[in-house]
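This report looks at charged side chains that pair up. Please look over the sequence and the model before reading on.

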Amino acid sequence: MFRVMGSVDVPRTGLVVAANLQYFTGKPYAASAQLTLPQGSQRVLLEPPGSRRMSSQSLLNLRVSRTLIFGGLGRIELLLDVLNVLDDTAEEGLASDNLFSPNFGQGTVFMDPRRAMVGVRLNLGR
């Protein structure tokens, strides 16, 4: 996993731009099989744990904010967040790790798509 964050004040605009970049190698998994024994069904690993990995994930989030001051009343902060700027679609979960299943190694849960959020933060007083 790798993570880097930073922010910068844009001169003469009152804007603050911040970024958060995260890179994850894919989650590990190993092929397994389901055996039926007289005592019941048993899951058995066919490979050492972590032999396989899901797709890696690159996640970039950006924030632009601006603070407006209203005398002694307080201040309002306007926020714009853009999440998953790179629109990565890596899987986060598998349908099955059973090597003999038709769904072996297929993704079922995926990263949320690119999206934007607008926010307002009100700070009353000094």
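A salt bridge is counted here where a side-chain nitrogen of Lys or Arg lies within 4 Å of a carboxyl oxygen of Asp or Glu. The model is predicted, so local features need a pLDDT of at least 70 and side-chain atom pairs count only at pLDDT 80 or more, while totals for chains, interfaces and linings use all residues. Residues are numbered from 1 along each chain as its sequence is written, and side-chain values use heavy atoms, with hydrogens and water left out.

The structure holds five salt bridges, including those in this table.

| Pair | N to O distance |
|---|---|
| E47 and R52 | 2.9 Å |
| R63 and D81 | 2.7 Å |
| R121 and E77 | 3.0 Å |

The bridge between R121 and E77 joins strand β11 (residues 115–124), where R121 lies, to strand β8, which holds E77, and so ties together parts that are 44 residues apart in sequence. Strands are DSSP runs of E with at least two residues, numbered from the N terminus. E77 is buried at 16% relative accessible area, whereas R121 is partly exposed at 37%; buried means under 20%, exposed over 50%, and partly exposed in between, with a 1.4 Å probe and protein chains only.

In the salt bridge of R63 with D81, R63 belongs to strand β7 (residues 57–70) and D81 to strand β8 (residues 74–83), so this pair connects parts 18 residues apart in sequence. Here R63 is partly exposed at 31%, while D81 is buried at 11%.

For the bridge between E47 and R52, E47 is partly exposed at 22% relative accessibility, and R52 is partly exposed at 28%.

How values were computed:
Helices (H or I, at least four residues) and strands (E, at least two) are DSSP runs, numbered from the N terminus.
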